[in-house]
Amino acid sequence: LHTLRNAEKELLPGYHPFEWQPALRNVSPACQVGIIDGLSGWTASVDDSPADTISRRFRYDVALVSALKDLEEDIVEGLREHGLEDSSCTSGFTVTIKESCDGMGDVSEKHGGGPAIPEKAVRFSFTVMSVSVLAEGEEEAVTVFREQKPNSEMSCKPLCLMFVDESDHETLTAILGPVVAERNAMKNSRLILAMGGLPRSFRFHFRGTGYDEKMVREMEGLEASGSTYVCTLCDATRAEASQNMVLHSVTRSHDENLDRYEMWRRNPYSESADELRDRVKGVSAKPFMETQPTLDALHCDIGNATEFYKIFQDEIGEVHCRPNPSREERRSWRAALDKQLRKKMKLKPVMRMNGNFARRLMTAEAVEVVCELVPSQQRSEALRELMNLYLQMKPVWRATCPAKECPDQLCRYSFNSQRFADLLSSTFKYRYDGKITNYLHKTLAHVPEIIERDGSIGAWASEGNESGNKLF
């Protein structure tokens with residue numbers, strides 16, 4: 001009877017017995033925990049909105065167990081393929097988790113009188129990217145499961161939903177505080193969970209890569225994105241980044257940001273505000289959650305398309321000849337560009353650049369259409385070359401596995417980005433004199449290094465979470 005009851009329990013949704021060794025600090029050992037109030041553990045209300053409506057979440061470890069159990073068949077299958085038959089592998093599993101977090105704009109009730117809550121929401125979710133195992137006596141770990149569609153909303157599991165404005169740092173940190181605490185506790189512990197009928201032990205690696213730049217800056221205590229410190233990966237200022245477009249290396253990290261924050265807080269050398277800010281390179285708040293210094297492929301697309309859209313307007317108006325056009329003139333160029341794109345490419349103008357518009361705009365076809373409006377032949381050629389180089393570079397940071405999908409472009413990336421930078425600093429000097437946009441700097445300076453470190457940029461992007469936002 002007991003055997004039967006236990007088998008039944010295994011099959012019930014949401015109940016998987018598991019344990020942590022050592023037990024997680026400040027986390028209850030109970031396994032049967034469903035959706036909990038996101039503010040559980042906080043005594044009083046964080047804000048004037050009613051505390052019990054503001055957020056809902058899963059306990060992080062329970063959510064991870066549930067996600068792993070969903071993948072049980074795939075993992076057991078992977079073990080079989082590698083000839084690691086059931087009995088030999090019970091320990092040495094490593095699970096890599098991608099974390100994403102993003103704010104959503106207007107989620108107000110369209111009619112109805114619910115409680116008064118902020119009309120913005122934030123979603124925090126995770127994706128199981130891979131599970132690998134180091135068998136006893138082996139040197140190399142083998143990957144027994146890899147997520148094929150890391151950017152699909154199918155693989156992106158929601159962990160916490162909250163009615164908070166992503167710019168409201170205090171409330172955001174109050175709600176995500178327990179999530180961060182659970183995550184830190186899990187880093188130093190192993191999960192014991194039955195997989196394929198045998199208890200096995202898993203360690204977790206968390207990589208917070210599914211954040212847009214705004215969220216990264218907020219989580220890591222950096223100044224907002226208009227800051228002179230243009231990059232979340234290196235210490236370059238905007239002027240430096242526009243002078244030297246290509247040669248930078250990734251230097252920032254969570255630990256360094258924490259040290260710099262301490263420096264900012266204590267000011268040990270009694271410097272003036274400007275000297276101090278220069279010493280800490282714009283870290284002026286306490287880094288709250290560890291993110292992986294990477295580049296978000298989706299917003300990189302959008303940021304660069306916005307930039308090209310502006311270059312197109314400037315070229316239609318020949319800004320390189322007459323530096324200070326009036327607002328009226330600029331407006332007329334934009335109208336001309338929109339009209340042309342609508343007529344020739346059926347591209348409706350958008351209020352805010354989005355992924356789909358960006359993808360259609362950044363094509364050779366779009367450049368041809370724009371060049372019809374550019375008076376000078378020579379400038380048209382430069383525009384074509386610029387777009388051509390960009391289209392060579394783009395697959396490298398979009399691909400899930402660039403070494404497989406576009407090895408040639410990967411090899412040529414540094415060369416192409418150098419040529420791209422040369423074009424910007426000569427032909428398009430009028431736009432890049434002492435200034436450059438954040439994502440353009442990252443596209444030119446950091447892509448090869450990140451790919452060398454992680455193997456991919458596209459796979460770690462925030463897209464899955466963004467699609468999930470739509471569903472939510």
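Glutamate 463 is buried (under 20% relative accessible area, with exposed over 50% and partly exposed in between, for a 1.4 Å probe and protein chains only), because its relative accessible area is 15%. The structure is a predicted model, in which local features need pLDDT of at least 70, side-chain atom pairs count only at pLDDT 80 or more, and totals for chains, interfaces and linings use all residues. Residues are numbered from 1 along each chain as its sequence is written, and side-chain values use heavy atoms, with hydrogens and water left out.

**Salt bridges**

Side chains of opposite charge can pair when their charged atoms come close. A salt bridge here is a side-chain nitrogen of Lys or Arg within 4 Å of a carboxyl oxygen of Asp or Glu. The count by this rule is 38 salt bridges.

Glutamate 463 takes part in one of them, with arginine 359 as its partner. This pair links distant parts of the chain, since arginine 359 is in helix 11 (residues 355–361) and glutamate 463 in helix 18 (residues 463–471), 104 residues apart. Helices (H or I, at least four residues) and strands (E, at least two) are DSSP runs, numbered from the N terminus. Salt bridges with shared partners join Asp301, Arg359, Lys394, Arg398 and Glu463 into one network. Arginine 359 counts as partly exposed, because its relative accessible area is 32%.

A further salt bridge joins glutamate 290 and lysine 187. Glutamate 290 sits in the loop between helix 8 (273–280) and helix 9 (297–316), and lysine 187 is in helix 4 (residues 169–187), so the pair ties together parts that are 103 residues apart in sequence. Glutamate 290 is partly exposed at 31% relative accessibility, and lysine 187 is partly exposed at 33%.

Arginine 56 also forms a salt bridge, with aspartate 37. Here arginine 56 belongs to strand 3 (residues 55–58) and aspartate 37 to strand 2 (residues 35–37), 19 residues apart. Arginine 56 is partly exposed at 40% relative accessibility, and aspartate 37 is partly exposed at 27%.

| Salt bridge | Closest N to O distance |
|---|---|
| Glutamate 290 and lysine 187 | 2.9 Å |
| Arginine 56 and aspartate 37 | 3.5 Å |

**Pocket and cavities**

On a 1 Å grid over the protein atoms alone, a cavity is a set of points where a 1.4 Å probe fits but cannot get out, while a pocket is an open set with protein on both sides within 12 Å along at least five of seven lines; lining residues have an atom within 4 Å of a point. Grid points are joined across faces, edges and corners, and a volume is the space filled by probe spheres set on the points.

The largest pocket has a volume of about 1300 Å³. It is lined by 34 residues, and Asp212, His299, Ile302, Arg352 and Met353 are the closest to its centre. Strand 4, helix 5, helix 9, helix 11, helix 16 and helix 18 each supply at least two residues of this lining. Helix 9 gives the largest share, seven residues. By class, the lining of the largest pocket has six nonpolar, 14 polar and 14 charged residues. In this scheme Ala, Val, Leu, Ile, Met, Phe, Trp, Tyr, Cys and Pro count as nonpolar, Asp, Glu, Lys and Arg as charged, and the others, Gly among them, as polar.

There are two cavities of 30 Å³ or more. The largest cavity holds about 150 Å³ of space. Its lining has 21 residues, with Val216, Thr232, Thr291, Gln292 and Pro293 nearest the centre. Strand 9 (198–210), helix 5 (213–219), helix 7 (254–266) and helix 16 (438–445) each contribute at least two residues to the lining of the largest cavity. That lining is made up of six nonpolar, nine polar and six charged residues.

The second largest cavity holds about 30 Å³. Among the residues that line it are Arg217, Tyr229, Cys231 and Lys281. Its lining divides into three nonpolar, two polar and four charged residues.

**Threonine 96 and the annotated spans**

Threonine 96 is in strand 4 (residues 93–104), and it counts as buried because its relative accessibility is 15%. Leaving aside neighbours within four places in sequence, its contacts (heavy atoms within 4.5 Å) include Thr127, Met129, His205 and Trp460.

An unreviewed UniProt entry gives residues 95–227 as "domain: V(D)J recombination-activating protein 1 RNase H". UniProt positions are given in the numbering used here, feature names are shortened, and annotations may be inferred rather than shown by experiment. Residues 95–227 are 20% helix and 41% strand, and their end C-alpha atoms lie 36 Å apart. The unreviewed entry also lists residues 229–291 as "domain: V(D)J recombination-activating protein 1 ZnC2". Residues 229–291 are 43% helix and 0% strand, with end C-alpha atoms 18 Å apart.
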